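Hi,

Here is the structure for you to look over. My notes follow below it.

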Amino acid sequence: MGFFRKKRNKVALVLGGGSARGIAHVGVLKVLERENIPIDMVVGTSMGALIGAAYALGITVQYMEERANSFTIRKLLDPTVPRIGLLAGEKLEMIIRELIGPRRFEECKIPLAIVTTDMEAAEEVVHRQGDLIKVVRASCSWPGIFNTVMVGGRLLSDGVEYARP
């Protein structure tokens with residue numbers, strides 16, 4: 001009976017937004033690893049995009065936890081003369097770059113999808129290739145708080161719920 005192996009179901013890890021929830025995502029990853037639950041795909045938006053990208057790239061949960069524990073809100077503050085947001089987002093991009101480095105989707109060890117919102121077209125955009133820094137930055141950019149990000153000719157941010165009528 002050894003040659004009749006039971007096929008296991010695929011597991012997709014879907015991580016949502018919210019800064020506090022983002023920290024909780026690290027705890028969920030710790031439990032999944034402890035229980036030896038394999039992840040076959042990661043989908044993330046907002047803070048879930050950052051944690052998901054780091055995990056999909058193979059960055060250790062321990063490292064993410066250390067970074068989260070050393071984080072302060074002051075590290076995000078870079079006020080700007082308001083165009084679209086109150087914060088320029090350059091410090092946010094620096095934090096993302098420090099965690100995941102200048103990487104691309106194609107470098108992920110686990111398939112990754114990140115969700116953003118095209119603010120001009122008011123539609124959801126799902127990313128599966130290209131520059132991770134800009135896409136994660138866009139997905140983490142709360143409308144009105146952080147400036148939006150131009151990626152592939154589209155003005156992107158977090159906030160799928162904001163774009164829907």
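**Salt bridges and a helix pair**

Arginine 8 is partly exposed, because its relative accessibility is 47%. This is a predicted model. Arginine 8 pairs with aspartate 40 in a salt bridge, with the closest N and O atoms 2.6 Å apart. The two sit in distant parts of the chain, 32 residues apart. Aspartate 40 lies in the loop between α1 (19–34) and β2 (41–45), and arginine 8 lies in the segment before β1 (12–15).

The whole structure holds eleven salt bridges. Another one joins arginine 154 to glutamate 123, with 2.3 Å between the closest N and O atoms. This pair also links distant parts of the chain: arginine 154 is in strand β6, glutamate 123 in strand β4. Arginine 154 is partly exposed at 26% relative accessible area. Glutamate 123 is partly exposed too, at 37%.

Now the helices. α4 (residues 90–100) and α5 (residues 132–140) pack at about 130 degrees, their axes 10 Å apart. So α4 is oblique to α5. The crossing is right-handed. On the α4 side, the contact uses Leu92, Glu93, Ile96, Arg97 and Ile100. On the α5 side, it uses Leu132, Ile133, Lys134, Val136, Arg137 and Cys140. Seven of the contact residues are nonpolar, four are charged and none is polar.

Which residues form a salt-bridge network? Glu93, Arg97, Lys134 and Arg137 do. Within it, glutamate 93 bridges to arginine 97 at 3.5 Å between the closest N and O atoms. They are four residues apart in α4, so about one helical turn separates them. Glutamate 93 is buried at 16% relative accessible area, whereas arginine 97 is partly exposed at 38%.

Best wishes

Note on methods: Residues are numbered from 1 along each chain as its sequence is written. This is a predicted model: local features need pLDDT of at least 70, side-chain atom pairs count only at pLDDT 80 or more; totals for chains, interfaces and linings use all residues. Side-chain values use heavy atoms; hydrogens and water are left out. Axes are lines fitted to C-alpha atoms, for helices over the stretch in contact, and angles run from 0 to 180 degrees between N-to-C directions. Angles under 35 degrees count as roughly parallel, over 145 as roughly antiparallel, 65 to 115 as roughly perpendicular and the rest as oblique. A crossing is left-handed if the near helix is turned anticlockwise from the far one by less than a right angle, and right-handed if clockwise. Contact means heavy atoms within 4.5 Å. Ala, Val, Leu, Ile, Met, Phe, Trp, Tyr, Cys and Pro count as nonpolar, Asp, Glu, Lys and Arg as charged, and the others, Gly among them, as polar. A salt bridge is a side-chain nitrogen of Lys or Arg within 4 Å of a carboxyl oxygen of Asp or Glu. Buried means under 20% relative accessible area, exposed over 50%, partly exposed in between (1.4 Å probe, protein chains only).
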